[in-house]
Amino acid sequence: MATAKITPSATAISATFKHLSLLPRSTRNFATRIAVPGTGRAKKLAVTMCSKASDPLEVCAKESLTVPSRLGDCPFSQRILLTLEEKHLPYDLKVVDLRNKPEWFLDISPEGKVPVIKLDEKWIADSDVIAQMLEEKFPEPPLATPPEKSAVGSKIFSTFIAFLKSKDSNDGTEQALLNELGVFNGYLELNGPFINGNVVSAADLALAPKLYHLEICLGHYKKWSVPDSLSYVKSYMQTVFSMESFIKTRALPEDVIEGWRPKVES
């Protein structure tokens with residue numbers, strides 16, 4: 001096991017009311033009464049507090065295939081790390097050699113999959129579940145994507161994989177990818193620059209790592225790149241890849257290449 005302590009770009013703030021930590025919800029509502037001068041009456045004042053992690057959250061992700069003790073190439077793990085970064089939550093990252101999974105890791109992730117994160121003393125798997133739980137437990141700053149926008153770009157990754165694995169240039173997999181990217185390009189033209197307009201949301205954090213893998217792998221294995229005609233997609237990729245949180249959590253290009261090699265050569 002290799003452990004790296006990650007300090008986010010902003011310090012997380014914890015609630016100062018000790019008794020609030022006993023409550024299960026991350027957003028706590030309570031009321032107090034304040035005197036209204038000159039009236040002899042008191043007015044009820046509602047107060048809402050949102051919790052922040054005071055201790056670093058434990059996260060397990062894939063270890064690099066090329067540089068020991070470094071973060072590896074799992075796009076689903078990067079999604080969760082991006083979420084933690086964008087929410088300014090401190091975390092301790094444990095990178096795991098998935099080729100030789102240690103017993104301690106199998107104890108907390110019996111299926112041997114990453115990412116996993118410890119929340120409320122329980123280890124949670126599956127990036128969809130983790131992202132939703134982080135949003136509920138730490139709602140500020142909000143990253144939730146409106147339901148009607150949450151599936152935007154969701155078919156790009158599967159069509160990328162099909163094209164990457166394809167051995168037949170006439171099997172339609174390239175065109176299927178171009179079709180999905182074209183739909184996404186049209187959406188961004190009307191609704192961008194991000195999936196939820198002017199703000200980064202959970203949908204961007206899920207899609208961006210997959211587009212990063214697409215760019216690197218198709219460039220390396222297929223000598224292929226997103227066409228210039230899809231200018232809004234290319235601009236989107238450049239923008240999200242330049243985010244501080246993305247740079248901090250991205251895999252090395254050589255790890256992305258090596259990580260996909262078995263699928264390409266199978």
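A residue counts as buried when its relative accessible area is under 20%. Cys60, at 0% relative accessibility in this predicted model, is therefore buried. Cys74 falls in the buried class as well, because its relative accessible area is 14%. The structure contains 0 disulfides.

Across the protein, 9 helices and 7 strands were assigned. Of the 266 residues, 43% are buried. Among contacts with a separation of 6 or more, 70% are made by residues 24 or more positions apart. The paragraphs below treat helix packing, aromatic pairs, salt bridges and strand pairing in turn.

Helix 7 spans residues 231-241, and within this helix Val233, Tyr236, Met237, Val240 and Phe241 are buried.

The aromatic pairs in the structure number 10. In the pair formed by Phe157 and Phe160, the ring centres are 5.8 Å apart and the planes meet at 40°, so the arrangement is tilted. Both residues belong to helix 4 (residues 156-165), where Phe157 and Phe160 are separated by 3 residues, about one turn of the helix. Phe157 and Phe160 are each buried. A further pair, Phe163 with Trp224, is edge-to-face, with a centre-to-centre distance of 5.7 Å and an angle of 75° between the planes. Because Phe163 lies in helix 4 and Trp224 in the loop between helix 6 and helix 7, this pair ties together parts that are 61 residues apart in sequence. Phe163 is classed as buried because its relative accessibility is 7%, and Trp224 is likewise buried, with a relative accessible area of 12%. Ring pairs also join Phe76, Phe157, Phe160 and Trp260 into a cluster.

The salt bridges number 13. One of them connects Lys62 and Asp73, whose closest N and O atoms are 2.8 Å apart. This pair links distant parts of the chain, with Lys62 in strand 4 (residues 57-62) and Asp73 in the loop between strand 4 and helix 1 (75-86), 11 residues apart. Both Lys62 and Asp73 are buried. Another salt bridge joins Glu135 to Lys87, with 3.1 Å between the closest N and O atoms. Since Glu135 is located in helix 3 (residues 127-137) and Lys87 in the loop between helix 1 and strand 5 (91-96), the pair ties together parts that are 48 residues apart in sequence. Glu135 and Lys87 are both buried.

The salt bridge of Glu111 with Lys113 has its closest N and O atoms 3.7 Å apart. Here the partners are exposed: residues count as exposed when their relative accessible area is over 50%, and the value for Glu111 is 64%, while that for Lys113 is 51%. The set of salt bridges also includes a network that links Glu58, Lys94, Lys118 and Glu121.

Strand pairing was examined for strand 6 (residues 116-119) and strand 7 (residues 122-125), which run antiparallel and are joined by 4 bridges. Within this arrangement, Val116 is positioned opposite Ala125 of strand 7. The two strands form a hairpin with 2 residues between them, and in this hairpin Asp120 adopts a positive phi near 50°.

Technical notes: Residues are numbered from 1 along each chain as its sequence is written. This is a predicted model: local features need pLDDT of at least 70, side-chain atom pairs count only at pLDDT 80 or more; totals for chains, interfaces and linings use all residues. Side-chain values use heavy atoms; hydrogens and water are left out. Buried means under 20% relative accessible area, exposed over 50%, partly exposed in between (1.4 Å probe, protein chains only). A disulfide is a pair of cysteine sulfur atoms within 2.5 Å. Rings of Phe, Tyr and Trp (its six-membered ring) pair if their centres lie within 6.5 Å; planes under 30 degrees apart count as stacked, over 60 as edge-to-face and the rest as tilted. A salt bridge is a side-chain nitrogen of Lys or Arg within 4 Å of a carboxyl oxygen of Asp or Glu. Two strands pair if DSSP finds at least two bridges between them. Contact means heavy atoms within 4.5 Å.
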